[in-house]
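Have a look at the sequence and the model, then read on.

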Amino acid sequence: MDEPLLTPQEVADLLKISLHTLASWRRQANPHDLRWIEVGGSIRYRSGDVQAWLDKRTLGGTLPA
C-alpha cells in the first residue's frame, strides 16, 4: 500500500497526452489497457500500473534486470 496513487492529470502530464485522451482510453478495452481504480468516486492510477503499461510498450532493446 506504499505505492503512490496518481491523478488523471498527473498521468496525462507524464504521458504527454490530454485528459480527454486518457478518459477516452478508459472507455476502450484495448489496445489502451491502462488500469485505473476508483477511490471515493475519483479516478486514480497506481504508479506501478502506469510503469508496467509503459514497460509493455517499450520497443527495441531489453528491460534492465
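Let's start with Asp-49, which counts as buried because its relative accessibility is 18%. (Buried means under 20% relative accessible area, exposed over 50%, and partly exposed in between, using a 1.4 Å probe and protein chains only.) Asp-49 sits in helix α3. Helices here are DSSP runs of H or I with at least four residues, strands are DSSP runs of E with at least two, and both are numbered from the N terminus.

Asp-49 also has a charged partner: it forms a salt bridge with Arg-46, with the closest N and O atoms 3.7 Å apart. (A salt bridge is a side-chain nitrogen of Lys or Arg within 4 Å of a carboxyl oxygen of Asp or Glu.) Arg-46 is partly exposed, with a relative accessible area of 31%. Setting aside neighbours within four places in sequence, Asp-49 is in contact with Glu-3, Leu-34 and Arg-35, where contact means heavy atoms within 4.5 Å.

## How to read the numbers

This is a predicted model, so to speak of local features pLDDT has to be at least 70, and side-chain atom pairs count only at pLDDT 80 or more, while totals for chains, interfaces and linings use all residues. Residues are numbered from 1 along each chain as its sequence is written, and side-chain values use heavy atoms, with hydrogens and water left out.

## The other salt bridges

How many salt bridges are there by this rule? The count comes to three. Besides the pair already described, Lys-56 and Asp-33 meet through their side chains at 3.0 Å, N to O. That pair links distant parts of the chain, with Lys-56 in helix α3 and Asp-33 in the loop between α2 and β2, 23 residues apart.

Asp-33 forms a salt bridge with Arg-57 too, and here the closest N and O atoms are 2.7 Å apart. Arg-57 lies in the segment after α3 and Asp-33 in the loop between α2 and β2, so this pair ties together parts that are 24 residues apart in sequence. As for accessibility, Lys-56 is exposed at 58%, while Asp-33 is partly exposed at 29% and Arg-57 is partly exposed at 31%.

## The sheet

Three strands make an open sheet in the order β1-β3-β2, with antiparallel pairing. Two strands pair if DSSP finds at least two bridges between them. The edges belong to β1 (5-6) and β2 (37-39), and each has a single partner strand, so one side of each is left without a neighbour in the sheet.

Between β2 and β3 there are three bridges: Glu-38 stands opposite Ile-43, for instance, and Val-39 has Ser-42 as its bridge partner. The hairpin of these two strands has two residues between them, and Gly-40 takes a positive phi near 55 degrees there. β1 and β3 pair over two bridges, and Leu-6 stands opposite Tyr-45.

## The core

The largest nonpolar core has 11 residues, including Leu-6, Leu-15, Trp-25, Tyr-45 and Trp-53. (Such a core is a set of buried Ala, Val, Leu, Ile, Met, Phe, Trp, Tyr and Cys residues joined through side-chain atoms within 4.5 Å.) Two or more residues come from each of α1 (8-15), α2 (19-27), β3 (42-46) and α3 (47-56), and α1 gives the most, with three. In soluble globular proteins, nonpolar side chains tend to be buried together.

Within α3, the buried residues are Asp-49, Val-50 and Trp-53. They are on the same side of the helix because they cover an arc of only 100 degrees around the axis, where the arc is that of the directions from the helix axis to the C-beta atoms. These buried residues pack against β1, α1, α2 and β3.

## Out in the open

Where is Lys-16? It is in the loop between α1 and α2, and it is exposed, with a relative accessible area of 73%. Lys-16 has a phi near 60 degrees, a positive value in a residue other than glycine.
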